[in-house]
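Visitor: Hi, I'm new to this one. Can you walk me through it?

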Amino acid sequence: MVDVADKLAYFQAITGLEDPDLCTEILAAHGWDLELAISSITSTNTTTPPENSASTPAVATSSGDDGGGRVVTRSRLEPPRFGAPERSEAAAGPGLAWKIVTLPISVISGSLGLISGAIGLGLWAAGGVLSYSMGMVGLGSGSGRNSEASARLVPLSAAASEAVEFVAAFERDYGTTTMTRPNFVSQGFMDALQRSRNEFKLLFVYLHSPDHPDTPLFCERTLCSEALAAFVNENFVAWGGSIRASEGFKMSNSLKASRFPFCAVVMAATNQRIALLQQVEGPKSPEEMITILQKVLEESAPVLVAGRLEAEERRTNMRLREEQDAAYQAALEADQARERQKREEQERLEREAAEAERKRKEEEEALERAAREAAEKEAALARMRQEKALSLGDEPEKGPNVTQVLVRFPNGERKERRETVFVTERSRIASSGEPFCGVKLVRGS
């Protein structure tokens with residue numbers, strides 16, 4: 001949601017359209033692609049941009065002419081609306097109506113452009129892969145620039161391509177070492193502005209007019225002076241664009257450049273606007289440029305320092321929250337581990353108690369079973385004794401066929417009885433309930 005609000009604010013700042021609903025419809029029709037949407041609005045500006053325009057910003061104040069140049073300063077850190085030309089109500093109406101009428105055409109052309117771009121990207125990627133494969137087997141041309149182009153599978157945006165072309169042309173014309181020239185970033189204006197915000201620096205903007213007679217000397221003697229280049233590279237994020245290119249031309253309109261060479265210092269304001277802090281028009285010496293830029297830095301230092309401190313505070317708070325979250329998570333995991341250990345200990349005790357109870361019941365059952373078996377055995381033995389005793393009958397009287405039998409059992413017990421026949425003594429012994437083993441006939445008569 002923040003990204004949508006940023007894009008809407010930037011779109012309004014660049015195009016000058018104040019109706020948020022109309023801007024939202026235009027951005028939505030172009031898939032929220034800022035470059036495509038802005039191009040659809042500014043595509044009607046096909047004429048060559050004027051290099052000496054008499055228009056100046058209404059909120060700007062002129063500080064006099066130094067050596068033919070003009071230094072214009074906006075109210076310090078006041079976020080202006082870029083590209084909002086000062087029109088009368090009568091003049092503003094037809095332009096807005098024309099944009100509304102041409103909106104369907106822009107939508108259709110934008111959609112066709114997206115489709116053709118997607119098809120072209122697919123063919124380009126396939127060709128790059130094929131070229132790389134042929135180069136691997138030695139069938140491709142495979143030389144430096146072609147190899148780099150085939151290795152890059154993600155194409156640059158239109159704004160980034162223009163920035164790359166500008167940097168290459170500037171290096172070709174005025175030198176390649178960054179010690180003697182500003183280190184212009186190879187990014188579109190919006191990306192460079194976001195980069196300056198992330199680095200808590202101001203954005204130094206240079207609009208290049210190749211056809212202006214003062215441009216070569218300004219680039220050679222001022223921009224490429226070692227002192228100014230070192231100062232800009234250390235304290236600013238530098239972005240440059242040619243007014244012959246689309247984005248450079250749009251920025252010249254937005255910044256209302258009336259003379260060239262043109263330099264400006266901008267920053268991303270806190271209310272999603274772009275703040276124009278300083279603009280310098282016309283040729284200047286390196287000392288004059290350093291003085292102007294130094295003054296802007298001094299005036300903007302409180303805001304930059306505050307932003308840096310605020311960001312540092314946010315990072316500190318975020319780190320503190322992460323540490324607190326980590327400590328809470330560690331404490332939570334420790335509590336969960338203790339609860340898990342306590343639960344496991346409780347389950348172990350319950351298992352041991354259940355096992356002990358099971359063993360106790362098994363022992364009780366075993367004792368009861370042994371007692372029951374012993375009782376059954378004793379009862380069976382008693383019945384057998386009774387049956388054997390009944391089967392013996394009465395002890396006979398003394399006589400010729402009667403024998404006196406004395407039996408001693410293993411337990412020491414002795415029994416004596418008169419029997420008519422010795423062979424029946426086995427039954428007599430069995431009637432006693434003792435085992436036959438160890439039974440000894442002591443005496444018979």
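Guide: Start with Glu355, which forms a salt bridge with Arg358. Their closest N and O atoms are 2.1 Å apart. Keep in mind that this is a predicted model.

Visitor: Where do Glu355 and Arg358 lie?

Guide: Both are in helix H11. They sit 3 residues apart, about one turn of the helix.

Visitor: How many salt bridges does the structure hold?

Guide: The structure holds 13 salt bridges. Another one pairs Arg360 with Glu357, with the closest N and O atoms 2.3 Å apart.

Visitor: How far apart are Arg360 and Glu357 in helix H11?

Guide: They are 3 residues apart, which means about one helical turn separates them. Arg360 counts as partly exposed at 36% relative accessibility. Glu357 also counts as partly exposed, at 32%.

Visitor: Which residues do shared partners join into one network?

Guide: Glu345, Arg348 and Glu352. Salt bridges that share partners join them.

Visitor: What about Arg314? Which side chain does it meet in a salt bridge?

Guide: The side chain of Glu310. The N to O distance is 3.3 Å. Arg314 is partly exposed, with a relative accessible area of 47%. Glu310 is partly exposed as well, at 45%.

Visitor: New topic. Which residues touch the most other members in the largest nonpolar core?

Guide: Phe11, Phe189, Leu207 and Trp239. That core has 36 residues.

Visitor: Which elements give two or more residues to this core?

Guide: There are helices and strands on the list. The helices are H1 (2–15), H2 (20–29), H3 (34–42) and H7 (189–199). The strands are E3 (202–208), E4 (236–242), E5 (262–268) and E6 (274–281).

Visitor: And where does the largest share come from?

Guide: From H1, with 5 residues. There is also a second, separate core of 30 residues. It includes Tyr174, Phe236, Met289 and Val296.

Visitor: On to rings. How many aromatic pairs does a search of the whole structure find?

Guide: It finds 10. A pair of aromatic rings is described by the distance of the centres and the angle of the planes.

Visitor: So what are the values for Phe170 and Phe184?

Guide: Their ring centres are 5.3 Å apart and their planes are at 75 degrees, so the pair is edge-to-face. The cut-off for that label is over 60 degrees.

Visitor: Which parts of the chain does that pair link?

Guide: Distant parts. Phe170 is in helix H6 (residues 158–174), while Phe184 is in the loop between H6 and H7. The two are 14 residues apart. Both Phe170 and Phe184 are buried.

Visitor: And Phe231 with Phe236: what kind of pair is that?

Guide: A tilted one, because the planes are at 55 degrees. The centres of these rings lie 6.2 Å apart. Phe231 counts as buried at 13% relative accessibility. Phe236 is buried too, with a relative accessible area of 3%.

Visitor: Which residues do ring pairs link into a cluster?

Guide: Phe166, Phe170, Tyr174, Phe184, Tyr206 and Phe218.

Visitor: Let me pick a residue. Where is Ser242?

Guide: Ser242 is in strand E4. It is buried, with a relative accessible area of 15%.

Visitor: What does Ser242 touch?

Guide: Leaving aside residues up to four places away in sequence, Ser242 touches Phe166, His208, Pro210, Gly248 and Phe249. Phe166 also belongs to the ring cluster.

Visitor: One last residue. Where is Glu395 found?

Guide: In the loop between H11 and strand E7 (403–408). Glu395 is partly exposed, with a relative accessible area of 34%.

Visitor: What does Glu395 touch?

Guide: Arg417 and Arg418, not counting residues up to four places away in sequence. Look at Glu419 as well. Glu395 and Glu419 are 24 residues apart along the chain, and their C-alpha atoms are separated by 6.9 Å.

Technical notes: Residues numbered from 1 in each chain as written. Predicted model: local features only at pLDDT ≥ 70, side-chain atom pairs only at ≥ 80, totals over all residues. Heavy atoms only, no water. Salt bridge = Lys/Arg side-chain N within 4 Å of Asp/Glu carboxyl O. Buried < 20%, exposed > 50% of the residue type's maximum accessible area, 1.4 Å probe, protein only. Helix = DSSP H or I, 4+ residues; strand = E, 2+ residues; numbered from the N terminus. Core = buried A, V, L, I, M, F, W, Y, C linked by side-chain atoms within 4.5 Å. Contact = heavy atoms within 4.5 Å. Phe/Tyr/Trp six-rings, centres within 6.5 Å; stacked < 30°, edge-to-face > 60°.
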